Amino acid sequence: MKKVLFICGSPSGEKSTSFVHADFMAHFIKYTYEFISLYETSDPTKPILSAHAQEKEEVFLKIVNKMENADALVWVSGAQCYFVPVQMQYLFEKLLAQNYYFKGKIAATLLTTYGVLDDYIHEKIRDVSEQLGFGHIGDISISGSPFDFNSNESESQCRALAGKINRALASSYVPPRETDFIERKYLSPVIYGDRDFYSVKTAPEIKPEIHKTGKKTIILISGSSISNDPAALFIYNCINAYSRNNIKLIEIENCDIKPCVYCRECILSVTGECCLKDEYSKIEKQLFLADGIIYLGNCGAGIIDSRLRTFLGRTGKLLNQPSLRDKHGFVIATGGGPLGKSGAKHLEYFMGIHGINNIATLTDSIAEPDQFSHVLQWTIQNLDLAMEEKWQAPDRFPAIGEHLIVRDVSIEFGYVVRGNYNFYKNEKRYNYPCRLLTAILYPFFSNTRFRKTFEKLIINHFLKKKKKRLATISY
Ligand SMILES: Cc1cc2nc3c(=O)[nH]c(=O)nc-3n(C[C@H](O)[C@H](O)[C@H](O)COP(=O)(O)O)c2cc1C
């Protein structure tokens with residue numbers, strides 16, 4: 001008997017929207033199926049995999065074994081900051097860094113979202129699946145709201161995807177790869193750029209006492225530690241040497257920052273303060289104090305590595321309330337080869353959504369070492385000028401789109417009303433609120449316990465409805 005494996009990547013456990021829909025979809029699978037979660041059963045927010053891409057821990061090997069024994073696999077997860085949750089990315093990174101390849105099997109994706117860049121996220125998951133050897137049979141995007149648990153649209157999508165998997169397994173059909181094969185070194189988060197490239201000593205010597213005449217502060221946030229990552233070291237040296245201003249380096253690999261667990265405090269509470277207590281809030285404060293911000297990431301799993309994503313995934317409040325509007329910055333993705341551009345684009349989305357005026361989106365993929373240090377020189381000199389002359393730029397599409405989506409969700413459900421109300425009012429974004437709903441929910445959301453109980457009631461109500469619905473369905 002053929003077998004389908006559902007790999008669940010949401011830290012919200014069995015009440016996550018993605019799990020609820022995957023459970024529904026599984027009822028239409030005609031073969032044996034199994035669910036595995038990437039989190040501990042006793043605590044669905046704790047990942048079972050380590051963040052170290054090269055580590056072969058027992059639990060990882062067990063997952064690989066299940067993947068090898070399955071004929072089809074479904075990636076199940078909510079969208080998180082334009083990709084899957086970081087805890088699921090750990091699995092992708094391990095599989096790619098340790099050279100796994102699954103031939104003759106099919107994969108599919110069930111993603112729950114608010115509709116922000118779904119196509120982009122699906123493309124990335126498909127790329128990873130194909131680079132791992134799977135033929136990707138299809139993907140579905142389902143609304144991430146419990147109000148949609150029973151919608152015709154979500155049920156229809158689940159049935160259709162289950163049907164495709166059934167038919168493919170029955171006829172042993174494996175879809176051909178759509179993407180070009182990419183060398184693993186470009187997909188692995190532990191291979192940092194091209195070593196020959198960065199061993200060329202083109203980074204200029206730093207003489208801070210001579211030219212550090214600027215009064216601005218630029219924060220360089222690097223996913224990896226510069227002592228491990230020659231690309232990051234090279235870039236830090238160039239930026240430090242060429243800028244008139246002070247450069248403050250933050251290496252996320254050396255910081256205590258935990259991955260987002262979807263507590264949603266950043267959206268729902270008045271302060272927007274995350275439930276996780278670690279170094280994130282200290283770094284966020286530094287972002288507010290800085291004049292310039294640079295995001296520097298190494299590419300892994302076809303996207304920015306999980307170290308930098310762990311930090312960016314925690315910026316939920318900034319995604320929702322783009323409060324860094326007076327800042328300027330740029331982004332750099334390294335080590336992605338042909339995927340470098342796409343990794344840099346991923347970082348560019350964050351700049352836009354955070355409200356930062358992004359002056360450049362760079363990658364080391366195409367340039368020669370000499371050229372690349374000139375590109376950095378040119379860009380950092382522009383950044384110095386942009387901060388001094390206060391260059392301004394309007395929002396571009398992804399940022400405008402996301403802000404409109406968030407605003408519409410607030411208006412439709414009054415759900416994020418308390419957290420965002422003042423911000424949206426001051427920014428004149430909240431231009432057609434449902435005043436009655438706002439009036440009712442504003443005081444209601446002031447009490448966290450009250451709010452959490454209310455959320456639980458809503459989810460349990462829709463879960464019960466879903467169970468009843470399943471009992472009446474014919475397969
Ligand atoms: C920090 C955070 C980041 C998110 N990022 C995205 C995103 O990039 N795109 C999107 O469409 N939805 C995004 N969402 C919405 C979630 O994808 C949505 O809530 C989803 O249903 C969660 O899935 P789950 O309930 O299975 O965990 C985000 C939510 C949070 C809390």
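This text walks through a predicted model, from its ligand site to its core and then to single residues.

Now look at the backbone around the ligand's oxygen atoms. A polar backbone atom of Tyr114 is 2.9 Å from an oxygen atom of the ligand. For Gly115, a backbone N or O atom lies 3.1 Å from a ligand oxygen. For Val116, the corresponding distance from a backbone N or O atom to a ligand oxygen is 2.9 Å. How much of the ligand does the protein bury? Taken alone, the ligand exposes 640 Å², and the protein buries 95% of that.

A side-chain contact can be followed from here. Thr112 lies in strand 4. Is Thr112 buried or exposed? Thr112 counts as buried because its relative accessible area is 4%, and the cut-off for burial is under 20%.

Tyr82 sits in the loop between strand 3 (72-78) and helix 3. Its phi is positive, about 65°, although Tyr82 is not a glycine. With a relative accessible area of 4%, Tyr82 is buried.

Leu117 belongs to the loop between strand 4 and helix 4 (118-131). Its relative accessible area is 18%. Leu117 therefore still counts as buried, as the limit is under 20%.

Next comes the largest nonpolar core. This core has 70 residues. Which of them touch the most other members? They are Ile7, Met67, Trp75, Ile221, Tyr295 and Phe311. Helix 3 (residues 86-97) provides the largest share of this core, with 7 residues. The core also draws on both domains: domain 1 (3-171) and domain 2 (187-389) each contribute at least three residues. There is a general background to this. In soluble globular proteins, nonpolar side chains tend to be buried together.

Move on to strand 6 (residues 217-222), where Ile219 has its place. Ile219 is buried, with a relative accessible area of 1%. How far apart are Ile219 and Lys248 in sequence and in space? They are 29 residues apart in sequence, and their C-alpha atoms are 4.8 Å apart.

Helix 12 (residues 306-313) contains Thr310. The side chain of Thr310 reaches the backbone oxygen of Ser306 at 2.5 Å. Thr310 is buried, since its relative accessible area is 7%.

Asp43 is found in the loop between strand 2 (32-37) and helix 2 (58-69). At 24% relative accessible area, Asp43 is partly exposed. Which side chain does Asp43 contact? A polar contact of 2.7 Å joins its side chain to that of Thr45. Asp43 and Leu404 are 361 residues apart in sequence, and 34 Å separates their C-alpha atoms.

Then there is Arg469, in helix 19 (residues 448-472). Is Arg469 buried or partly exposed? Its relative accessibility is 31%, so Arg469 counts as partly exposed. Asn152 is 317 residues from Arg469 in sequence, and the C-alpha atoms of Arg469 and Asn152 are 12 Å apart.

Definitions and conventions
Residues are numbered from 1 along each chain as its sequence is written. This is a predicted model: local features need pLDDT of at least 70, side-chain atom pairs count only at pLDDT 80 or more; totals for chains, interfaces and linings use all residues. Side-chain values use heavy atoms; hydrogens and water are left out. A polar contact is a pair of N or O atoms within 3.5 Å; within protein, one must be able to donate a hydrogen and the other to accept it, and residues adjacent in sequence count only if both atoms are side-chain atoms. Accessible areas come from the Shrake-Rupley method with a 1.4 Å probe; for residues, only the protein chains shown count as cover. A nonpolar core is a set of buried Ala, Val, Leu, Ile, Met, Phe, Trp, Tyr and Cys residues joined through side-chain atoms within 4.5 Å. Buried means under 20% relative accessible area, exposed over 50%, partly exposed in between (1.4 Å probe, protein chains only). Helices (H or I, at least four residues) and strands (E, at least two) are DSSP runs, numbered from the N terminus. Domain bounds come from an automatic or database domain assignment.
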